[in-house]
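I opened this structure and kept short notes. The entries below follow the order of my look-ups.

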Amino acid sequence: MRSALICGGGVAGLSSALHLRKHGWEVKLFEKDSELRTAGVGLNIWPNGVRVLKGLGLGEEFLSFAAAMNRWWALDSDGTMTSDIDVSDWSEQLGAPITGARRRRLNTMLAEALGYEEIRFNTAVESYEQNEDSVTVYFANGGSATGDLLLGADGVGSKIRNHMLGGVPEFTEDGITRWRGVFETAKADVPPDVQADVYGPNGHFGWIPIDATHAYWYGSLGGLSTFDEFYSVYSTWAETPVPTIIDVSEPETIIGRELAHYKNHLNSWADGRVILLGDSAHPMYPGMAQGANQALIDGQVLAEQLDAHDSVPEALKAFEAQRMHEAHTMVEYSRLHFSWEKTRDEYRSAGSNLQIDRYMEFEA
Ligand SMILES: Cc1cc2nc3c(=O)[nH]c(=O)nc-3n(C[C@H](O)[C@H](O)[C@H](O)COP(=O)(O)OP(=O)(O)OC[C@H]3O[C@@H](n4cnc5c(N)ncnc54)[C@H](O)[C@@H]3O)c2cc1C
């Protein structure tokens, strides 16, 4: 049986492990932390991601805890509704709904499906070596493991990527803080089946239901900010639900994190028997809310290409060729949504939801 070494226990690593095992691979997953990553609050999982979960036989379980959206509003910070899109028929139209879920629930579901005994926690990968027949990964604690294939699913700070490139790639210097929190939809008087974005002169704020009673919100100013700076702007958007949403949030859930992506796309994700996927290959701003969805698709396509080719290096090249255009376009579209003034003007004049329009290019 062919064996895969998977570095990283996030969405990319866990879902790839499930895909590969389904296609007959023996998998070993190495995670640097002592437990699964749970930070990050919530995720929008779009039809393209839900379809992958369905393919893994996890669709029903996922939809039992995720919130499925019926409408998507876009508002201006002056309170004007610039678009109100009915997304309730996406299940029929696209084979799956657009959903929101807690990251912790998604990762736990994937890990339970894999089996915790397949995950070696407290194991940070450092580097690798390969020859024609196998690849060996080395751990920070001095150990190693050898297999037929190595996946660098170790996120935006990827050690596998650094080893592959011979250094750290250049990141954008924008330095944007994304603030997030969780609230009860009833307390903010917003519907539990509607996700929404609000565009204003100095920033963008949105919220996404993540279960039957709660939603998570996110927002940024143009640069790094403290919570007080962030609040001083958003608390003035009084014609929208935004100030109430922040005020009724569960205080312990409010976190800020600096966002990052590469200055230039990586022009290769593959090196012989080693492949990058998920955020190590294509980190993106959450402007399209597609990073985890793209990671889910990566795992599926990778397993399909490994089935289609006898040679691992050829399969990895074919994977790269199939995935790069969509993933890199999502990186660029995500960044466009962080130009607040421009996006606000576009939403006002287009009267449509640009995030949906851009996503639909890949459903055609
Ligand atoms: C604020 C914010 C909001 C977002 N919202 C959305 C959204 O709504 N929808 C969406 O689709 N995406 C969203 N994303 C993007 C999404 O979170 C990422 O694209 C996704 O988590 C990538 O998964 P990953 O498995 O590649 O990386 P990660 O989730 O970062 O997982 C990497 C894993 O590798 C482990 N690791 C790191 N280094 C090592 C090492 N040396 N050895 C072993 N293990 C290691 C880490 O501990 C971690 O468990 C958002 C991102 C942010 C920041």
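I started with strand 13 (residues 176-184) and strand 17, which run antiparallel and are joined by five bridges. I take strands and helices as DSSP runs, numbered from the N terminus: at least two residues (E) for a strand, at least four (H or I) for a helix. I looked up one partner: Arg180 is bridged to Ile255 in strand 17.

A note on what I am viewing. This is a predicted model, where local features need pLDDT of at least 70, side-chain atom pairs count only at pLDDT 80 or more, and totals for chains, interfaces and linings use all residues. Residues are numbered from 1 along each chain as its sequence is written.

Seven strands form an open sheet of mixed pairing, in the order 6-5-14-15-16-13-17. I count two strands as paired if DSSP finds at least two bridges between them. Strand 6 (81-86) and strand 17 (255-259) are the edges; each has a single partner strand, so one side of each lacks a neighbour in the sheet.

Then I checked what packs on the strands. Helix 8 (residues 227-234) lies across strand 13, strand 15 (203-209), strand 16 (214-221) and strand 17, at about 100° to strand 16. Helix 12 (residues 340-350) packs on the sheet too, touching strand 5 (71-76), strand 6, strand 14 (194-199) and strand 15. Its direction makes about 120° with that of strand 14. These angles run from 0 to 180 degrees between N-to-C directions, with axes fitted to C-alpha atoms, for helices over the stretch in contact. Contact means C-beta atoms, placed from the backbone, within 7 Å.

Which residues have the most contacts inside the largest nonpolar core? I found Ile6, Cys7, Leu150, Leu151, Ile275 and Leu277, in a core of 100 residues. Helix 11 (residues 312-336) gives the largest share, eight residues. Such a core joins buried Ala, Val, Leu, Ile, Met, Phe, Trp, Tyr and Cys residues through C-beta atoms within 7 Å. Buried means 20 or more other C-beta atoms within 10 Å of a residue's own; 12 or fewer is exposed, and in between is partly exposed. Of the chain's 364 residues, 48% count as buried.

Last, I looked around the ligand. I found 36 residues around it, and Gly8, Gly10, Gly155, Gly278 and Gly291 come nearest. Near means a C-beta atom, placed from the backbone, within 6 Å. Helix 10 gives the largest share of this shell, four residues.

Key. Contact = placed C-beta atoms within 7 Å.
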